[in-house]
Amino acid sequence: MQDIHQRLAEKLYEKNNYLTIDEARTWIELLWEDFESTRAKAGYDYKGKQVTEQIVTQWINYYGPNLHEFKASNPKYKDWLKKKGYEH
């Protein structure tokens, strides 16, 4: 799992010049966890890491260049990233 997160973090880092590699890694962990917990709360069966990786990859491709801007509009992410020490 660490390899997947690292690979996705590097992909996000390449797409977003405003994030450090550590911030990109934090975003990947947050998006991964958020997708899996939301899916579980909705009552869907767990489909495996591959499905989560596909979704997070799609989000990176679509939202990656502007992901740093999303923090300001979402208090959950803003607080979580602030706790990790990342404030842009």
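**Notes on a helical chain**

1. Reading from the N terminus, the elements of the protein go α-α-α-α-α. That makes five helices and zero strands. Bear in mind that this is a predicted model. Of the 88 residues in the protein, 36% are buried. The accessible surface comes to about 6,000 Å², and carbon and sulfur atoms account for 48% of it.

2. How do the parts of the chain meet? If you take the contacts with a separation of 6 or more, 60% of them are between residues 24 or more positions apart. Several of the points below give examples of such pairings, starting with the core.

3. The largest nonpolar core has 14 residues, and those that touch the most other members are Leu 8, Leu 12, Trp 27, Ile 28, Val 56 and Ile 60. Helix H1 (2–15), helix H2 (21–41) and helix H3 (49–63) are the elements that give two or more residues to this core. H2 provides the largest share, six residues. As background, nonpolar side chains in soluble globular proteins tend to be buried together.

4. Setting aside neighbours within four places in sequence, Leu 12 is in contact with Leu 19, Ala 24, Trp 27, Ile 28, Ile 60, Gly 64 and Leu 67. Leu 12 is also one of the buried residues of H1.

5. Now for H1 as a whole. Which residues of H1 are buried? They are Ile 4, His 5, Leu 8, Ala 9 and Leu 12. These residues sit on the same side of H1, because the arc they cover around the axis is only 130°. Over on the other side of H1, Gln 2, Asp 3 and Glu 14 are exposed.

6. H2 has 21 residues, and its first and last C-alpha atoms are 30 Å apart, close to the 30 Å expected at 1.5 Å a residue. Its buried residues are Glu 23, Ala 24, Arg 25, Thr 26, Trp 27, Ile 28, Leu 30, Leu 31, Trp 32, Asp 34 and Phe 35. Just after H2 comes Gly 43, with a positive phi of about 90°.

7. How many salt bridges are there? The count comes to two. One joins the side chains of Glu 53 and Arg 7, at 2.4 Å from N to O. This pair links distant parts of the chain, with Glu 53 in helix H3 and Arg 7 in helix H1, 46 residues apart. Arg 7 has a relative accessible area of 45%, so it counts as partly exposed.

8. Is Glu 53 buried or exposed? At 17% relative accessibility, it counts as buried, because the cut-off for buried is under 20%. Leaving out neighbours within four places in sequence, Glu 53 is in contact with Ile 4, Arg 7, Leu 8 and Trp 32. Among these, Leu 8 belongs to the core described above, and Trp 32 is one of the buried residues of H2.

9. The other salt bridge pairs Arg 25 with Glu 29, whose closest N and O atoms are 3.1 Å apart. Both lie in helix H2 and are four residues apart, so about one helical turn separates them. Arg 25 counts as buried because its relative accessibility is 14%. Glu 29, with a relative accessible area of 25%, is partly exposed.

10. The loops deserve a look too. Tyr 18 has its place in the loop between H1 and H2. With a relative accessible area of 54%, Tyr 18 is exposed. What separates the C-alpha atoms of Tyr 18 and His 68? The answer is 6.9 Å, although these residues are 50 residues apart along the chain.

11. Pro 65 is in the loop between H3 and helix H4 (67–73). Its relative accessible area is 36%, so Pro 65 is partly exposed. The C-alpha atom of Pro 65 is 5.2 Å from that of Lys 15, with the two residues 50 apart along the chain. With neighbours within four places in sequence left aside, Pro 65 is in contact with Lys 15, Asn 16 and Ile 60.

Conventions:
Residues are numbered from 1 along each chain as its sequence is written. This is a predicted model: local features need pLDDT of at least 70, side-chain atom pairs count only at pLDDT 80 or more; totals for chains, interfaces and linings use all residues. Side-chain values use heavy atoms; hydrogens and water are left out. A nonpolar core is a set of buried Ala, Val, Leu, Ile, Met, Phe, Trp, Tyr and Cys residues joined through side-chain atoms within 4.5 Å. Buried means under 20% relative accessible area, exposed over 50%, partly exposed in between (1.4 Å probe, protein chains only). Contact means heavy atoms within 4.5 Å. A salt bridge is a side-chain nitrogen of Lys or Arg within 4 Å of a carboxyl oxygen of Asp or Glu. The arc is that of the directions from the helix axis to the C-beta atoms. Accessible areas come from the Shrake-Rupley method with a 1.4 Å probe; for residues, only the protein chains shown count as cover. The expected span of a helix is 1.5 Å times one less than its number of residues.
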